[in-house]
Amino acid sequence: RGNATKLKFRLEEGMKVIINAALTLYTPRGSYQINCFSIEPAGQGALALAYEQLKEKLSGQGYFAQERKKQLPKFPSRLALITSQTGAALQDMLRVANSRYRLLEIDVYDVLVQGVNAAGDIANAISAADTHQYDIIIVGRGGGSMEDLWAFNEEIVANAIFNAKTPIVSAVGH
């Protein structure tokens, strides 16, 4: 049960899985127990399944409804950029913004963009930026593997985006 709370996907009845486990026998009763250390969905990765399950859940709650989308201003003057201060993506975004639209005021919110604490960091930055009257908030980072980019797929980040009053643009790499 304790290991199940660490799963990235929701374990469901009848699901085909691949487990890494130890089989134990309680001799007096003749009963077996399987202690699972890890579980992966058979045929697709845990992250891909978790992504589809979360997308389905959020869709059912109206997160992707067209009428909820916020209009982007044609000529924004203030922008919040939520990304890693040390990432190459920040320099790329600042270079493009400065070459195309020098009137834009940009505030950078430095966050972790991968790892265990990244999703909470990103969500907190979105909530903080949303209170400062920006025209647009951009949430982004450069490319990476699915695991590297996973923090942007967490439900806490989706909730922060959904609850924000400011229009938000995703600029997460490939």
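Where is the place of Leu11 relative to β1? Leu11 sits in the segment before β1, with helices (H or I, at least four residues) and strands (E, at least two) taken as DSSP runs numbered from the N terminus. The structure is a predicted model, in which local features need pLDDT of at least 70 and side-chain atom pairs count only at pLDDT 80 or more, while totals for chains, interfaces and linings use all residues. Residues are numbered from 1 along each chain as its sequence is written, and side-chain values use heavy atoms, with hydrogens and water left out.

At a relative accessible area of 44%, Leu11 is partly exposed; here buried means under 20% relative accessible area, exposed over 50%, and partly exposed in between (1.4 Å probe, protein chains only). Together with Val17, Ile19, Leu23, Leu25, Tyr32 and Ile34, Leu11 forms a nonpolar patch on the surface with about 700 Å² of accessible area. Patches are made of residues with over 30% relative accessible area and no salt bridge, like charges being joined within 9 Å and nonpolar side chains (Val, Leu, Ile, Met, Phe, Trp, Tyr) within 5 Å. The areas come from the Shrake-Rupley method with a 1.4 Å probe, and for residues only the protein chains shown count as cover. Both β1 (17–26) and β2 (31–41) supply at least two residues of the patch, and β1 provides the largest share, four residues.

Not counting residues up to four places away in sequence, Ile82 touches Tyr109, Val111, Ala125, Ile126, Ala129, Ile137, Ile138, Val139 and Gly140. Val157, in helix α5, counts as buried at 1% relative accessibility. Leaving aside neighbours within four places in sequence, Val157 is in contact with Ala119, Ile122, Ala123, Ile126, Ala151 and Phe152.

Charged pairs complete the account. The structure holds six salt bridges, each defined by a side-chain nitrogen of Lys or Arg within 4 Å of a carboxyl oxygen of Asp or Glu. Arg78 and Asp107 meet in one of them at 3.6 Å, N to O. This pair links distant parts of the chain, Arg78 lying in strand β3 and Asp107 in strand β4 (residues 105–110), 29 residues apart. Arg78 is partly exposed at 23% relative accessibility, and Asp107 is partly exposed at 25%. Glu105 joins Arg78 and Asp107 in a network of salt bridges.

Within helix α1 (residues 46–60), Glu52 and Lys55 are separated by about one helical turn because they are three residues apart. The closest N and O atoms of their salt bridge are 3.7 Å apart. Glu12 forms a salt bridge with Arg10, with the closest N and O atoms 2.9 Å apart. Glu12 is partly exposed at 37%, and Arg10 counts as partly exposed at 44%.

Methods: Contact means heavy atoms within 4.5 Å.
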